Amino acid sequence: WMLKRAADKNSQPAQYALGKFYAVNGDLRDDSKGIKYLKLASEKNVYAKYHLGKVYEREDSAFHNMDKAMENFVDAADKGISFVQYKVAKIFSDKDSGYYDMEKAIHYFTCAADDGNEYAQYKLGKIYADKESGYYDAKKAVEYLTGVADKGNEYAQYKLGKLYLDEKSEIYNPLKSIEYYKMANDQKNEFASLALGFIYLNGTGIPSDRKQARYYFYKASQ
């Protein structure tokens, strides 16, 4: 009651708190009231815009409207909220979302990545590593994937292993490839283990070593 009274007297923190309460509170959820108070709060509170977008995004809501959801998400993203930038980028990068736009996706992934968002860094690395994406850039892929790989992301480690093993690439470096494949292998990434098996079997950039090849093929089968 006190919170509602403060919200109705134009207290922005109370409007935001009350809007969130109605928007996410299980059995007490009331999307109509949630929208009312979040709209009031969103004039000054960028997080209210995000939660307002979440209400419109819900498919089970009578107020479901993805255009309004995206409008609020983009506003929040443009004001520098990293996790919203990542969310918006994922929507723009999804061909089935109805909002597919890779230029915008890359823009928002980059904003989030520059703010230290590791998921965005990995996504950018994947985009730049993909020769079919239309945005292939091995150096940029390495730039974004390396930081994530060095923090233990096995998928980034595996991607770097593949990138460095491409003989047609300007970054071709079998020893670097082995280094990152081994990092991923140590985390039980079977694809990295298999790649290492073939590297040692074929002597790709290193002397052939059948014993090591058998070891990594065995690891891949576990």
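**Helix packing and cores in a predicted model**

In α11, Ser 177, Ile 178, Tyr 181, Lys 182, Ala 184 and Asn 185 meet Ala 192, Ser 193, Ala 195, Leu 196, Ile 199 and Tyr 200 of α12, where contact means heavy atoms within 4.5 Å. The model is predicted, so local features need pLDDT of at least 70 and side-chain atom pairs count only at pLDDT 80 or more, while totals for chains, interfaces and linings use all residues. Residues are numbered from 1 along each chain as its sequence is written, and side-chain values use heavy atoms, with hydrogens and water left out. Helices are DSSP runs (H or I, at least four residues), numbered from the N terminus.

**Helices α11 and α12**

- Helix α12 covers residues 190-202, and α11 packs against α12 at an angle of about 140°, with the axes 8 Å apart; axes are lines fitted to C-alpha atoms over the stretch in contact, and angles run from 0 to 180 degrees between N-to-C directions.
- The two helices α11 and α12 are therefore oblique to each other, given that angles under 35 degrees count as roughly parallel, over 145 as roughly antiparallel, 65 to 115 as roughly perpendicular and the rest as oblique.
- The crossing of α11 and α12 is left-handed, a term used if the near helix is turned anticlockwise from the far one by less than a right angle.
- The contact of α11 with α12 comprises 8 nonpolar, 3 polar and 1 charged residues; Ala, Val, Leu, Ile, Met, Phe, Trp, Tyr, Cys and Pro count as nonpolar, Asp, Glu, Lys and Arg as charged, and the others, Gly among them, as polar.
- Asn 185 belongs to helix α11, which spans residues 174-186.
- Asn 185 counts as buried because its relative accessibility is 3%; buried means under 20% relative accessible area, exposed over 50%, and partly exposed in between, with a 1.4 Å probe and protein chains only.
- Not counting residues up to four places away in sequence, Asn 185 touches Ala 192, Ser 193, Leu 196, Tyr 216 and Lys 219.
- The loop between α11 and α12 contains Lys 188, which has a positive phi of about 65° although it is not a glycine.
- With 72% relative accessibility, Lys 188 counts as exposed.

**Helices α8 and α9**

- Helix α8 (residues 118-129) and helix α9 (residues 138-149) have axes that come within 8 Å and cross at roughly 150°.
- This crossing makes α8 roughly antiparallel to α9.
- The crossing in which α8 passes α9 is left-handed.
- The α8 side of the contact is formed by Glu 118, Gln 121, Tyr 122, Leu 124, Gly 125, Lys 126, Tyr 128 and Ala 129, and the α9 side by Ala 138, Lys 140, Ala 141, Tyr 144, Leu 145 and Val 148.
- By class, 9 nonpolar, 2 polar and 3 charged residues make up the contact of α8 with α9.
- Ala 129, located in helix α8, counts as buried at 17% relative accessibility.
- Ala 129 touches Tyr 136, Ala 141 and Leu 163, not counting residues up to four places away in sequence.
- The C-alpha atoms of Ala 129 and Asp 31 are separated by 42 Å, and the two residues are 98 residues apart along the chain.
- Tyr 135 lies in the loop between α8 and α9 and is partly exposed, with a relative accessible area of 24%.
- Leaving aside neighbours within four places in sequence, Tyr 135 is in contact with Met 102, Glu 103, Ile 106, Ile 127 and Tyr 128.
- From C-alpha to C-alpha, Tyr 135 and Glu 103 are 9.6 Å apart in space, and they are 32 residues apart in sequence.

**Helices α2 and α3**

- Helix α2 (residues 12-24) packs with helix α3 (residues 31-41) at an angle of about 155°, their axes being 7 Å apart.
- The helices α2 and α3 are therefore roughly antiparallel to each other.
- A left-handed crossing takes α2 past α3.
- Residues of this contact include Tyr 16, Leu 18 and Tyr 22 of α2 and Asp 31, Tyr 37 and Leu 38 of α3.
- The contact of α2 with α3 has 8 nonpolar, 4 polar and 3 charged residues.

**Nonpolar cores**

- The largest nonpolar core has 50 residues, and those with the most contacts inside it are Phe 73, Val 84, Val 88, Phe 109, Leu 160 and Leu 163; a nonpolar core is a set of buried Ala, Val, Leu, Ile, Met, Phe, Trp, Tyr and Cys residues joined through side-chain atoms within 4.5 Å.
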